[in-house]
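Good morning, colleagues. Please look at the sequence and the structure on the screen, and I shall then take you through several local features.

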Amino acid sequence: MQSLFEPLDGETRATPLRLAPVVLAVALDQTYDYIVPDDVEIEPGCFVMVPFGPQSRIGVVWDRPVANPNGEPQKPIDPKKLKTITGRLDAPPLPPITMRFAEWIAKYTLAPLGMTVRMMMSARAVFEPQKPRFGVTIVADAPVPARMTPARQRALDIAGDGAIRAKAALAQAAECSTGVIDGLVQSGNLVEVAIPEKRPPVPDPKHRVTELSPEQAVAVDALRSAVDGGNFSVSLLDGVTGSGKTEVYFEAVARTLERGHQALIMLPEIALTDQFMRRFTGRFGAMPVEWHSALSGPERGRVWRQAANGEARVVVGARSALFLPFSDLGLVIVDEEHDSGYKQDDRVHYQARDMAVVRGSLGGFPVILASATPSIESHVNARNGRYRHVVLPGRFSGASLPDITAIDLRVTPPEKGKWLAPPLVEAMIRTLEDKQQTLLFLNRRGYAPLTLCRACGHRIECPQCTATLVEHRFRGRLHCHHCGFSIALPEKCPKCGEAGSLVACGPGVERVAEEVAERFPDAKVALLSSDLIPGLTEMREIIRSIEAGGIDIVIGTQIVAKGHHFPNLATVGIVDGDLGLAQGADPRAGERTFQLLHQVTGRAGRALAEGRGYVQTYMPDHPVMKAIIESDREAFIEQEIKSRQRGMLPPFGRLVALVVAAREKETAQLVARDIAHRAPRSSMIEVLGPAEAPIAVIRGRHRWRLLVKAPREIDVQAYLRAWLADLPPLKGDVRLTVDIDPYSFL
Ligand code: ADP
Ligand code: ZN
């Protein structure tokens with residue numbers, strides 16, 4: 001340890017100064033040396049307070065000095081300018097692997113190291129002074145209080161078991177006021193003590209033995225042997241919806257627990273339902289530790305500590321769970337691995353699925369990617385042998401996949417002002433008669449995507465974005481889905497002033513719900529849209545009532561597509577199958593539409609004898625529609641892989657998006673052109689653009705895009721670093737975002 005902190009040359013002190021390299025959780029890309037005071041014990045990974053400019057900040061003592069990733073040596077610091085660590089925080093240190101992981105992500109995404117370290121510190125409570133909660137417990141041999149009342153007696157009787165309880169809890173149990181409890185503390189019969197942190201229950205790998213189908217048994221064997229191999233590998237668990245992937249990967253979790261390691265199961269945020277938690281509990285006899293955005297600050301702190309001290313054996317969480325400081329992680333499962341929610345496009349642009357694979361390779365343990373519609377990237381990796389391909393061919397229940405019918409809107413359009421075509425309505429009527437559920441899917445929040453003035457033709461747009469405002473009728477407002485701007489629904493046209501001339505154009509889920517209410521006034525309807533559901537808890541409640549069959553018709557955006565298992569769901573209707581295909585510049589538009597439609601229609605008939613899917617489309621001959629209707633996944637994948645290969649698109653080529661944004665359009669354009677102009681010449685790398693972004697303005701900032709295309713083998717990060725290092729500093733309000741492996745092309 002000592003060797004890390006080199007004494008300064010020329011020091012005349014009796015003991016040489018100790019120095020420690022520290023990473024600060026700010027947008028900086030290197031360690032800074034700080035003096036370690038004699039009375040502070042430090043170790044690699046520990047958290048310290050350090051002066052930084054006029055402020056005091058939290059830093060992590062790194063286990064080696066890191067210069068900036070350009071490879072330049074860290075500049076020697078004038079010893080007189082060295083500052084001193086002010087103190088060590090009482091938080092578990094970052095494990096070395098977590099430090100390597102932060103470095104790796106920084107290098108790959110070009111984000112500053114300080115920002116990736118910040119992701120590893122996403123539980124503020126850990127770094128704040130611990131406030132223990134106090135409770136009371138009985139003092140065994142204290143004399144009986146002078147004044148004994150029935151209330152006091154009840155409290156003492158309950159406390160007699162020696163447990164530590166919060167005052168309020170004891171008062172409630174004894175049906176008295178907390179004043180009574182305080183009195184007993186004063187009389188010396190109860191004493192206040194800190195309530196120890198609850199340890200999470202320990203999942204038992206042998207709690208329930210799952211009877212596996214023969215196909216599942218083969219898959220489980222493959223995954224178990226990956227775990228037993230005890231080294232890095234990636235398995236793609238590829239099986240239709242309802243094939244029992246969850247049951248199968250639970251066995252890999254069980255094996256990991258048996259071997260004494262921690263396991264992480266990653267799910268798209270919205271799939272973190274209590275249905276999943278119940279299934280986990282059924283298999284392991286204990287709840288997993290959860291990590292998601294609905295946790296409170298103290299809960300986050302608790303989970304962070306439990307990951308670090310090993311008390312959390314299994315964590316189930318959203319993408320950021322990957323950055324918890326696990327002390328001994330031995331398995332990561334990425335469920336719904338194709339889900340685009342795994343890509344973060346904020347601050348550090350990373351793809352959590354890919355980073356999970358990196359984490360596995362750093363930690364030397366297996367990673368399992370599970371999906372009914374794996375990403376093209378994962379398919380290619382499975383084909384070329386980089387990933388093991390573990391396939392579950394059929395549904396566990398033996399039910400067949402739903403029959404999918406295209407409803408050609410050119411032939412059987414809905415009535416004017418309606419959105420459900422006659423064949424879909426008929427199917428819904430039949431489903432209701434059979435006392436089964438229907439799910440209508442439309443990936444658009446709100447009531448209508450466009451509000452138009454009939455008198456002057458004015459379209460109501462966001463003042464800060466290139467986007468029309470979306471009507472949300474339940475709230476009586478128009479919202480911008482890009483910046484959050486909103487206004488009350490105007491009565492008159494804001495342009496020509498004509499009253500009552502505004503008309504809603506096109507459907508959102510609220511409008512579909514309105515039509516359903518008109519057509520099926522007696523049906524019980526649930527509308528699922530992220531803006532209408534305040535949080536995960538409410539979401540879980542609605543999902544539960546759907547599962548229990550308390551709902552006849554579910555209408556939802558993509559939040560219904562993820563991982564739910566609705567046993568009574570027979571019919572799925574896709575209101576606008578073409579919606580996702582319009583995004584021309586996005587190389588994954590086809591793939592994503594296929595995945596979404598396949599996942600949504602796959603909700604039907606999971607437990608029932610038969611399910612049916614209906615896709616309303618104007619393009620029944622589009623390859624994506626054909627693949628969906630004919631349930632020909634393999635043909636679609638084949639064709640998609642070929643077209644990616646031809647276009648040198650991911651995973652055959654690499655893409656990087658550069659977005660320049662500025663208040664003034666000319667500035668953004670000029671800077672983007674200048675950046676393009678300065679691109680180092682390369683016969684292998686293409687720099688496309690700049691072009692105005694499809695959403696040209698967001699939050700009042702004009703956006704210009706550049707796209708870098710490189711062959712797979714090229715170190716595109718090195719190319720970009722060399723390029724960006726030579727750019728003149730960005731002036732004023734100009735911002736440059738670098739997005740390696742972009743998923744958004746808007
Ligand atoms: P997937 O994740 O592939 O969509 P699930 O794991 O959710 O599939 O399984 C679908 C349904 O079948 C669930 O209700 C699950 O409990 C049940 N199931 C799957 N495998 C088994 C098994 N081996 N024993 C009992 N039930 C199973
Ligand atoms: Zn806006």
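In which loop does Pro-143 lie? Pro-143 belongs to the loop between strand 7 (134–138) and helix 3 (150–159). Helices (H or I, at least four residues) and strands (E, at least two) are DSSP runs, numbered from the N terminus. Pro-143 counts as exposed because its relative accessibility is 64%; buried means under 20% relative accessible area, exposed over 50%, and partly exposed in between (1.4 Å probe, protein chains only). Between the C-alpha atoms of Pro-143 and Val-380, which are 237 residues apart along the chain, the separation is 76 Å.

A word on conventions: this is a predicted model, in which local features need pLDDT of at least 70 and side-chain atom pairs count only at pLDDT 80 or more, while totals for chains, interfaces and linings use all residues. Residues are numbered from 1 along each chain as its sequence is written, chains are lettered from A and ligands numbered from 1 in the order in which they are written, and side-chain values use heavy atoms, with hydrogens and water left out.

Four strands form an open sheet in the order 30-31-29-32, with antiparallel pairing; two strands pair if DSSP finds at least two bridges between them. Why is one side of strand 30 (686–698) and of strand 32 (735–740) left without a neighbour in the sheet? Each stands at an edge and has a single partner strand, so one side of each has no neighbour there. From one strand to the next, the twist averages 20°. Helix 19 (residues 716–725) packs on this sheet and touches strand 29, strand 30, strand 31 (701–711) and strand 32, contact meaning heavy atoms within 4.5 Å. The direction of helix 19 makes about 30° with that of strand 29; axes are lines fitted to C-alpha atoms, for helices over the stretch in contact, and angles run from 0 to 180 degrees between N-to-C directions. Strand 29 (residues 653–662) pairs with strand 32 over six bridges in the antiparallel sense, and Val-659 stands opposite Thr-737 in strand 32.

Finally, the backbone. Most residues other than glycine have a negative phi, and most peptide bonds are trans. A cis peptide bond joins Pro-650 and Pro-651, with omega about 0°, and another joins Gly-689 and Pro-690, with omega about 10°. Pro-651 is in the loop between helix 17 (633–646) and strand 29, whereas Pro-690 is found in strand 30. Glu-336 is not a glycine, yet its phi is positive, about 55°. With 11% relative accessibility, Glu-336 counts as buried.
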